[in-house]
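I opened the model today to look up a pocket, a helix and a few backbone angles. My entries follow in the order in which I looked.

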Amino acid sequence: MAKKSNIKTTVKKEPGKAEIIQAYIDYLLKNHDDPESMYQFAGILGIKESEIYKHFASFTAIKQTVFEGFFEQTVSILEKDKLYTEYDAKNKLLSFYYIFFEILKENRSYVILVLKNESGMEPVKVLQRLRSHFITYIDNIGVETINFKNEDLDKIKQKGLKEMAWGQLLATLKYWISDDSPDFEKTDLFIEKSLKASFELINTQPLESIIDFTKFLFREKLSRSN
């Protein structure tokens, strides 16, 4: 059960989305749980419950919006780099990963708290908007794959590619959460090796990178079990 919050806020009336989000993040980080109800949260803010519902129907919706914001912030930074538009798909995605996880690092306590507090299918709900945006992003960066010259097979291939990319992002997120290396250096290595292996796999190029990545994961498993 959530404890009574001691948060003092300057929000008085008609707060915007940003103010509500920040107040929620502050509450969660201090109390390690959601408010007991939206009514209680509104009371903490000193506003009517209905004013929150103008922006968010639930605490899950707030969490979804936070992760959506991490994605939007990442893309905004990338689009300001003139060289980014000239990159191939692999380097665009690599740049996305590095910026995205830098943003997550700035919000690490919140991210870990949210994802570790959730149970069952809830993490899927929390990351739902992030997934939607990321899959669209993968669709638009021009990943080159085998051309089966068959419309149905190509549709299956494209869907599989997007699901694989999303699964890879989730795997990286899980790895990052448990990474205890200085400045999360092992996560950077994980990103580099996993993306290199993935792009060589979809282009049916030599499996050297896939083997290298597998060895990396095996060594990591051994080191964590000792």
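I looked up which helices line the second largest pocket, and found that α9 (151–178) and α11 (208–225) each supply at least two residues of its lining; helices here are DSSP runs of H or I with at least four residues, numbered from the N terminus. The model is predicted, so local features need pLDDT of at least 70 and side-chain atom pairs 80 or more, while totals for chains, interfaces and linings use all residues. Residues are numbered from 1 along each chain as its sequence is written, and side-chain values use heavy atoms, without hydrogens and water.

I noted about 170 Å³ of space in this pocket, with Lys 174, Phe 190 and Arg 224 among the lining residues. A pocket is an open set of points on a 1 Å grid over the protein atoms alone, where a 1.4 Å probe fits, with protein on both sides within 12 Å along at least five of seven lines, and lining residues have an atom within 4 Å of a point. The volume is the space filled by probe spheres set on the points, which are joined across faces, edges and corners.

I then turned to α2 (residues 38–45), where Met 38, Phe 41, Ala 42 and Leu 45 are buried (under 20% relative accessible area, 1.4 Å probe, protein chains only). Seen down the axis, these residues fall within an arc of 100°, so they line one face of the helix; the arc is taken from the directions from the axis to the C-beta atoms. On the other side, Tyr 39 and Gly 43 are exposed (over 50%).

Lastly, I recorded that His 32, in the loop between α1 and α2, has a positive phi of about 60° although it is not a glycine.
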